[in-house]
Amino acid sequence: MSPEEEARRLDAADPLPTLRGEFHVPPAPGGPYAEAAYFAGNSLGLQPRRTADLLREELDDWARLAVEAHTRGRRPWVSYHELLREPAARLVGALPHEVVAMNSLTVNLHLLMASFYRPAGPRTRIVIEDAAFPSDSYAVASQAVHHGLDPAGTVVRLRPRPGEDALRTEDVLAFLEREGGTVALVLLGGVNYLTGQLMDIPAITKAGRAAGAAVGWDLAHAAGNVPLRLHDWDVDFAAWCTYKYLNSGPGAVAGCFVHERHVRDASVPKLSGWWGTDPAVRFRMDPDIAPPASADAWQLSNPPILALAPVLASLEIFDRVGMDALRAKSERLTGYLASSLAPVTEIVTPSDPAARGAQLSLRVPDAGGLTRRLAEAHGVVVDAREPDIVRLAPVPLYCTFHDCHRAAEALADLLGR
């Protein structure tokens, strides 16, 4: 049996048949196949076919009902965000009143840091990973400046050991045990955007909170990628975007989580807006806010309905399939791709399946040029992080073993291996 035939056999025998037909797969830019082998879902997920239907329904309600659609639409706009509450909670392992869909990721991080970054006395530092996504670096540095602190001394960037690409959990825990008394906030990426490393969220959260710090997580590359248990892990807060593994479209409305112990604590400071007041009294138009005992208290404005509809379409799929089944298939696909690529190039993502998401990061020469050639010559769509990292995300909803075979064959051809 040829490698291609084996890949097709694996697709036919997999316990979770592909849901590729429920998504719009772009045509291959080049190569012998009609459809692309799409491995850029960790940057922008594919569009579910259901998305256009939901958008058309909201546009139709707007056309037919105008302002009355706020209360009389088939999904009334005034409470639309509540439709996302329970599926989003199931996705991230939270109680329904601990989650809300709103804003964009970095806006949510700032709103949450306004509540949970409270530097005082010697406890002022913010801990992030050195390979944090740039937006996180900018956000924490600006928070330090906002509090009159120097980011150079306030922001601690944890680095891997020399010659390694991933942070070791024991090194993070040792730092928190050693210097936790100076740390006000730990804010790490659940899955690192560059390396694909899945952090040990429960262990680091426990250590950070034991040290007296607030612990938050950027789940941009974790939500919809790996199972999460935010409530049980005692995470203080988290935020995530929905346009990567969650397939909700460019710039889609993000999500956030605030643990129950905080949403029920009226003393927690927060920046407020109209949609952060109790809906039972919202339209009394009182000047004094009455925040609900839920993550909704962190909302500012009424939600953008045309941007929430794609999120709802996506969450319907995840609710139907389940993260445990998706994670199991993700491990099968990623393991198959890793074994196919190991003879071809260096993989910087951890080899332990439990320590990575649906991503493999490869160290290659001329990452940008290689990415273009993969698309143009083979129809394999990946993305590059200059100067020398190419990222492949075998997203289990729509990627197949045959896609992985195509990627490995294309890389072997272009790298001459």
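1. Basis of the model. The model is predicted, with local features requiring pLDDT of at least 70, side-chain atom pairs counted only at pLDDT 80 or more, and totals for chains, interfaces and linings using all residues. Residues are numbered from 1 along each chain as its sequence is written, and side-chain values use heavy atoms, with hydrogens and water left out.

2. A search of the whole structure gives 2 cavities of 30 Å³ or more, a cavity being a set of points, on a 1 Å grid over the protein atoms alone, where a 1.4 Å probe fits but cannot get out, with lining residues having an atom within 4 Å of a point. Volumes are the space filled by probe spheres set on the points, and grid points are joined across faces, edges and corners. The largest cavity has a volume of about 80 Å³, and its lining consists of L84, A88, L91, A101, W240, T242, L246, V253, A254, G255, V311 and L315. At least two lining residues come from each of α4 (85-92) and α11 (305-321), where helices (H or I, at least four residues) and strands (E, at least two) are DSSP runs numbered from the N terminus. The lining of the largest cavity comprises 10 nonpolar, 2 polar and no charged residues, on a scheme in which Ala, Val, Leu, Ile, Met, Phe, Trp, Tyr, Cys and Pro count as nonpolar, Asp, Glu, Lys and Arg as charged, and the others, Gly among them, as polar.

3. Second largest cavity. This cavity holds about 30 Å³ of space and is lined by R327, S330, E331, T334, P353, R356 and G357. By class, its lining has 1 nonpolar, 3 polar and 3 charged residues.

4. Helix α4. Of the 8 residues of α4, 6 are buried, so the helix is largely enclosed by the rest of the structure; here buried means under 20% relative accessible area, exposed over 50%, and partly exposed in between (1.4 Å probe, protein chains only). The buried residues are R85, P87, A88, A89, L91 and V92, and they pack against β4 (99-101), β9, α11 and α12 (323-341). A88 and L91 also belong to the lining of the largest cavity. After α4 comes G93, with a positive phi near 70°.

5. The annotated lysine. In the unreviewed UniProt entry, K244 carries the annotation "modified residue: N6-(pyridoxal phosphate)lysine"; UniProt positions are given in the numbering used here, feature names are shortened, and annotations may be inferred rather than shown by experiment. K244 is placed in the loop between β9 (237-240) and β10 (255-258) and is buried, with a relative accessible area of 9%. Not counting residues up to four places away in sequence, K244 touches G41, N42, S43, L44, G45, A220 and H221, contact meaning heavy atoms within 4.5 Å.

6. R391. This residue lies in strand β15 and is buried, at a relative accessible area of 1%. Neighbours within four places in sequence aside, the contacts of R391 include N42, S43 and H221, together with Y193, Q359 and D383. R391 and D286 are 105 residues apart in sequence and 51 Å apart in space, C-alpha to C-alpha.

7. Cysteines. The search of the whole structure finds 0 disulfides, a disulfide being a pair of cysteine sulfur atoms within 2.5 Å. C241 is in no disulfide, and the nearest cysteine sulfur, that of C256, is 13 Å away; C241 is buried at 3% relative accessibility. For C404, the closest cysteine sulfur is in C399 at 6.5 Å, which is too far for a bond, and C404 is buried with a relative accessible area of 0%.

8. Backbone geometry. Most residues other than glycine have a negative phi, and most peptide bonds are trans. A cis peptide bond, with omega about 10°, joins E386 and P387, and P387 lies in the loop between β14 (383-385) and β15 (389-392). D234, in the loop between β8 (214-218) and β9, has a positive phi near 65° and is partly exposed at 29% relative accessibility. N247 also has a positive phi, of about 55°; N247 is found in the loop between β9 and β10 and is buried, with a relative accessible area of 2%.

Key:
1 Å grid on protein atoms, 1.4 Å probe; cavity = no way out; pocket = protein on both sides within 12 Å on 5 of 7 lines; lining within 4 Å.
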